[in-house]
Amino acid sequence: MPDILTLDQVSKQFDQTNVINQLSFSVREGEIFGLLGPNGAGKTTLVNIMTGLLNADQGVVTLFEKYAPGDNFARANIGCASQSLALYEDLTAEENLQFFGKMHALEKSALQTAVSETLAVVGLEDRATQRVKEFSGGMKRRLNLAVAILHKPKLLILDEPTVGVDPQSRNAIMESIQSLSDQGHTIIYTTHYMEEVEKLCDRVAIIDKGRLVALDSVNGLVQEYGKNHQIRYSQNNKVFTVDTDNPLQKIRELLDSEQQSAISNLSVQSPTLEQVFLNLTGHELRD
Amino acid sequence: MMASKLLAVTQKDLKLLYRDKGGFFFTFIFPIIMAVFFGSMMSGSGGMKGISLQVVDADQSVISQAFIDKLDAAAELKVVLTDEATARDTVRKGKAAAFLILPKGFGDAKGNLFSGETATVQLGVDPKRSAIKGLLQGVLMSYAAEDMQSAFTDTDKFVDQIDKSLAEVRQARDSGEFADNDKADRMLEFLDQLQEMVDTDSFNNTSSNESADGSTDEDSGFNGFQPLIIETHDISVNRDGPPSGYDVSFPQGILWGILGCLSAFSLSLVSERNQGTLSRLLVSSANRSTILAGKALACFLTIIFIAVCLLLLGKLVFGIQIRQPDLMLLSLVAIGFCFSGLMILFSVISKSEKAAAGITWAAMMLMAMAGGGMIPLAFMPAWMTPVSQFSPVMWSILALEGPMWRQFSLVEMLPVVAVLFGIGIAGFLLGVRLFKWQSSSA
């Protein structure tokens, strides 16, 4: 698969603070690429650099193998759902889509088709003529995503698309994203929700304080940086936790011991991204 | 607990306001500027010599020249001596507040206190500055009355006047010019008594307009000591009647509507920036100039709509006259262009909605004040006249009045619309440049 986005030693400063610090990685065509990091890690700044809204102080960003962010081809082939709800509240869902579709130069018939299809993808077809200001937070998020995918971009950048939404809308958004991926879209997905990354992403870049801490698939990260499994059990009404890099061996030892009849509620917790993050950065993701 | 929370909120809001430079400026600094500005205008510290008066001396006598000299020395007036055609044209174009014509015979009439015609002058005032009409009439009357008073207080002059009048009245009676000889006799008797009073040194200053026997001026048949007759003249030519107040107020009303439109559109770009829709637009296939031009066009169309609606309302309901519709169309396009360009500039330089609102309203107020939209230029200090040339409001009002009642020709309209187009182009280009610079330096 060719690289659809490449960052080479990209840095950005604000007020003499390094917000992005010599970041380098590539995103392959067709994958869902997760950017995982706590609030303030530099994810949104990175998104703004990728889309051409911000210029990098140093380094090179290449899109679609030869374009710079902001080039016409790049802009026409990127869809971006920003963290803020970039919608016109006094327009209906359909009018919003029609407007942004026109801004992406969609022709009249193609536009109408795209609007209908996109509303269906995000499950808002029955709300097409309702004004956005009457929408719930989750519905606005879904429409925000709809605007980003309306012109069928090759690269879709989603910046915290599930922030502040109810579980139902969150699931709907996640399903929509999976569906888009199945259709061949390349997706960059920034979040600080571990479970979303684990569920959706093919590869994950962990970012902390503007630096790339690790990059691999979820399993790869867990295997490399997860270290220990966690075994929990109860014995004589007390709960015990044991960390181990060989859980089978440890369970065997417990079950072979003289106290085995007193052991209950035995469970094994595999290493998580949360643990990976903790191991790599020294602090938790939601600190 | 509650008090500490309240104080914390207060402290936070003050911090936010202080850190928002635009908000801080318009909350604290601008009111001071306004106060100083209004203060300097109202106090007259800048000098109230400002009513530009085009004066035509058709009499060319010593008395007319002396009267003009007196007007020229007046603090309220700025006298320019010229010919009648130029005087009328200058006022019609709004470049002078009024004209004054001293007709032939003015000197003779003014030099004759007790017989003959009362001195007459012709005064033409720009209808949009009709507020100064009364002021000018008052000024002219007071100087004419001053002349009369000096004639009474200067004994030699006064004796000469009586002798001259006695001779003229006697001659008129003897030649049968008086229909009623009794009236002529009463007047002669009055003048004789007046002469005696002066001769016996019992003459005191008087401005009584009663004759010795208590009859009124009208009864006695002399000119009633009226210092001056002021005939007011319409400043425009070839028209049925003077413009109504609506012909003057509607262009100003249109301008206020346009300024409101300017404010609303200036805010919209800032709102988009804050909502994130601007970023979304910038990431889309549309470029920055297109986005701004689209906004400018929306503003332009709204301005045209507002102006056309108001003009139609004025015409259909209030009877305002649009004598040159084709030139009015040109004016509206120029005005729309001008304020759309300014809107782009204002919206780009504002960082927050608070700052945008402040900047726009401040600019509107300054433009309206400097352009005569709030206080007639004639009442402003002399230094305001050149300043007003920089106000798009002044040019816009002129552009609207031109095809209405000033009856501008195309040649006369061209400089006005050229200025408006120039302001619009400059505002737009500067706005686009700033917008690109802001984006690239982000």
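Q: Which residues touch the most other members of the largest nonpolar core?

A: A nonpolar core is a set of buried Ala, Val, Leu, Ile, Met, Phe, Trp, Tyr and Cys residues joined through side-chain atoms within 4.5 Å. Buried means under 20% relative accessible area, exposed means over 50%, and partly exposed lies in between (1.4 Å probe, protein chains only). In this structure the largest such core has 134 residues, and A:Leu143 and B:Phe339 touch the most other members. Helix H13 (residues 325-349) of chain B gives the most to this core, with 12 residues. Helices (H or I, at least four residues) and strands (E, at least two) are DSSP runs, numbered from the N terminus.

Q: On what basis are these values given?

A: This is a predicted model, in which local features need pLDDT of at least 70 and side-chain atom pairs count only at pLDDT 80 or more, while totals for chains, interfaces and linings use all residues. Residues are numbered from 1 along each chain as its sequence is written, chains are lettered from A and ligands numbered from 1 in the order in which they are written, and side-chain values use heavy atoms, with hydrogens and water left out.

Q: Which residues are in contact with B:Phe339, leaving aside its neighbours within four places in sequence?

A: Contact means heavy atoms within 4.5 Å. With those neighbours set aside, the partners of B:Phe339 include B:Leu255, B:Ile258, B:Leu259, B:Leu262, B:Met367 and B:Pro392. A second, separate core of 27 residues includes B:Phe67, B:Val79, B:Ala98 and B:Ala109.

Q: How is the interface of chain A and chain B described?

A: The size of an interface is often given as the accessible area lost when the parts come together. Buried area is that loss, found with a 1.4 Å probe and summed over both parts. Here chain A and chain B bury about 1700 Å² between them, 54% of it on carbon and sulfur atoms. A:Leu53, A:Arg75 and A:Met103 supply 39% of the area that chain A buries against chain B, more than any other three residues. The contact takes 21 residues from chain A and 17 residues from chain B.

Q: How many salt bridges are there between chain A and chain B?

A: A salt bridge is a side-chain nitrogen of Lys or Arg within 4 Å of a carboxyl oxygen of Asp or Glu. The count between these two chains is zero, whereas the structure holds 15 salt bridges over all chains.

Q: Which parts of the structure does the salt bridge of B:Glu272 and B:Lys295 tie together?

A: The side chains of B:Glu272 and B:Lys295 meet at 3.1 Å, N to O. B:Glu272 lies in helix H10 (residues 245-275) of chain B and B:Lys295 in helix H12 (residues 288-318) of chain B, so the pair ties together parts that are 23 residues apart in sequence. Both B:Glu272 and B:Lys295 are buried.

Q: How far apart are the closest N and O atoms of B:Arg92 and B:Asp89?

A: In this salt bridge the closest N and O atoms are 2.5 Å apart. B:Arg92 and B:Asp89 are three residues apart in helix H4 (residues 84-92) of chain B, so about one helical turn separates them. B:Arg92 is buried, at 9% relative accessible area, and B:Asp89 is partly exposed, at 26%.

Q: Which residues are linked in a network of salt bridges?

A: The network links A:Arg170, A:Glu195 and A:Glu196.

Key: Buried area = accessible area lost by both parts, 1.4 Å probe.
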